[in-house]
Amino acid sequence: MKQQSISFFIFLLFLQCTYTFAQSPAAAPAQAPAVVVAQPPAATPTQAAAPHGITNVTKILEKAGHFTIFIRLLRSTQEENHLFSALNDSSTGLTIFAPTDSAFSELKSGTLNTLSDGDKSELVKFHVIPTFLSTSQFQTVSNPLGTWAGTGSRLPLNVTSYPNSVNITTGLTNTSLSGTVYTDNQLAIYKIEKVLLPKDIFASNAPAPAPVAPAPEKPAKAVPAANVESPVAPVDISSAVWFMHNNVAGSVGIVAAAVFAL
């Protein structure tokens with residue numbers, strides 16, 4: 001009987017331990033240290049931050065190389081920011097004709113320095129087509145092409161596509177595409193070896209042609225003077241006749257006197 005009581009007590013102690021263990025809370029997992037994410041520096045006022053996913057035109061040109069002057073114009077005229085906005089908002093895309101540094105070196109020395117800020121901005125816009133054009137699409141576009149600078153007789157831009165080249169003319173510039181810098185479904189950048197000069201800026205600055213000197217008048221032929229005889233003045237011979245008459249009469253009288261004397 002005593003042994004059964006001990007066994008029963010051990011059984012109750014076992015149940016109590018099992019119940020207590022089941023009610024104890026599970027140990028909480030160790031927490032990972034907090035990760036501090038560094039914030040990117042804010043964009044400076046002179047350089048707008050490129051929206052996420054928007055192609056950065058100047059970065060593309062910098063990576064390609066040989067576009068230093070064109071990049072400087074994009075930034076000084078604020079057209080760099082305009083490109084960011086257009087690529088973000090436009091559904092038609094853009095096409096850019098990018099002149100190389102050697103293209104700008106062919107301009108007359110000091111040409112860019114003589115331009116106003118407005119003219120520089122117009123010059124950059126004249127190199128931007130407000131739609132995406134692949135090389136094959138140049139075969140079907142209508143001339144003249146519209147640019148960011150506008151259209152019209154003062155801003156003509158015509159392209160002619162050949163099997164192996166695309167020619168561009170402005171009335172003052174004649175050049176061809178010399179390569180593709182970048183292309184996707186929204187942006188195309190083509191390299192050109194001459195700066196596209198719009199008539200609106202550079203035609204008025206061109207020296208005026210020298211005036212043509214009038215042809216010298218032929219001297220009139222001298223007309224020979226008419227051989228007109230001068231009228232002969234009438235001669236009064238009455239005194240001579242009287243003189244001769246007196247002389248003859250005197251001679252006759254002398255001769256007659258001599259005869260009578262004989």
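**Entry 1: Leu73 and its contacts**

I looked up what Leu73 touches, setting aside neighbours within four places in sequence. I found Phe104, Lys120 and Val124 in contact with Leu73. The model I am reading is predicted.

I then checked where Leu73 sits. Leu73 is part of helix H3, which covers residues 68–76. Is Leu73 buried or exposed? Its relative accessibility is 7%, so I noted Leu73 as buried. The cut-off for buried is under 20%.

I took one of the contacts further. Val124 is 51 residues from Leu73 in sequence. In space, I read 7.2 Å between their C-alpha atoms.

**Entry 2: Salt bridges**

I noted a general point before starting. Side chains of opposite charge can pair when their charged atoms come close.

How many salt bridges does the structure hold? I counted three.

I started with Glu62 and Arg75. Their side chains form a salt bridge at 2.8 Å, N to O. Which parts does this pair tie together? Glu62 is in helix H2 (residues 57–64) and Arg75 is in helix H3, so the bridge ties parts 13 residues apart in sequence. I looked up accessibility for both. Glu62 has 37% relative accessibility, so I put Glu62 down as partly exposed. Arg75 has a relative accessible area of 33% and is partly exposed too.

Next I took Glu80. The side chain of Glu80 meets that of Arg75 in a salt bridge of 3.7 Å, N to O. Glu80 is buried, because its relative accessible area is 4%.

Then I turned to Asp200 and Arg154. The side chains of Asp200 and Arg154 form a salt bridge at 3.8 Å, N to O. Asp200 belongs to helix H7 (residues 199–202). Arg154 is in the loop between strand S2 (128–129) and strand S3 (158–162). The pair therefore ties together parts that are 46 residues apart in sequence. Asp200 is partly exposed at 32% relative accessibility. Arg154 is partly exposed at 37%.

Last, I looked for shared partners.

**Entry 3: Aromatic pairs**

I reminded myself how such pairs are described. The distance of the centres and the angle of the planes describe a pair of aromatic rings.

I searched the whole structure and found three aromatic pairs. I wrote up two of them.

One is Phe97 with Tyr190. The ring centres of Phe97 and Tyr190 are 6.5 Å apart and the planes stand at 35°, so I called the pair tilted. Where do the two residues lie? Phe97 is in strand S1 (residues 94–99) and Tyr190 in strand S6 (residues 187–192). The pair therefore ties together parts 93 residues apart in sequence. I checked accessibility again. Phe97 is buried at 0%. Tyr190 is buried as well, with a relative accessible area of 2%.

Another is Phe138 with Tyr190. Why is this pair edge-to-face? I read 5.7 Å between the ring centres of Phe138 and Tyr190 and 65° between their planes, so the pair counts as edge-to-face. Edge-to-face needs an angle over 60 degrees. Phe138 is in the loop between S2 and S3, and Tyr190 is in strand S6. The pair links distant parts of the chain, 52 residues apart. Phe138 is buried, at 2% relative accessibility.

I finished by joining the pairs up. Phe97, Phe138 and Tyr190 form a cluster linked by ring pairs.

How values were computed. Residues are numbered from 1 along each chain as its sequence is written. This is a predicted model: local features need pLDDT of at least 70, side-chain atom pairs count only at pLDDT 80 or more; totals for chains, interfaces and linings use all residues. Side-chain values use heavy atoms; hydrogens and water are left out. Helices (H or I, at least four residues) and strands (E, at least two) are DSSP runs, numbered from the N terminus. Buried means under 20% relative accessible area, exposed over 50%, partly exposed in between (1.4 Å probe, protein chains only). Contact means heavy atoms within 4.5 Å. A salt bridge is a side-chain nitrogen of Lys or Arg within 4 Å of a carboxyl oxygen of Asp or Glu. Rings of Phe, Tyr and Trp (its six-membered ring) pair if their centres lie within 6.5 Å; planes under 30 degrees apart count as stacked, over 60 as edge-to-face and the rest as tilted.
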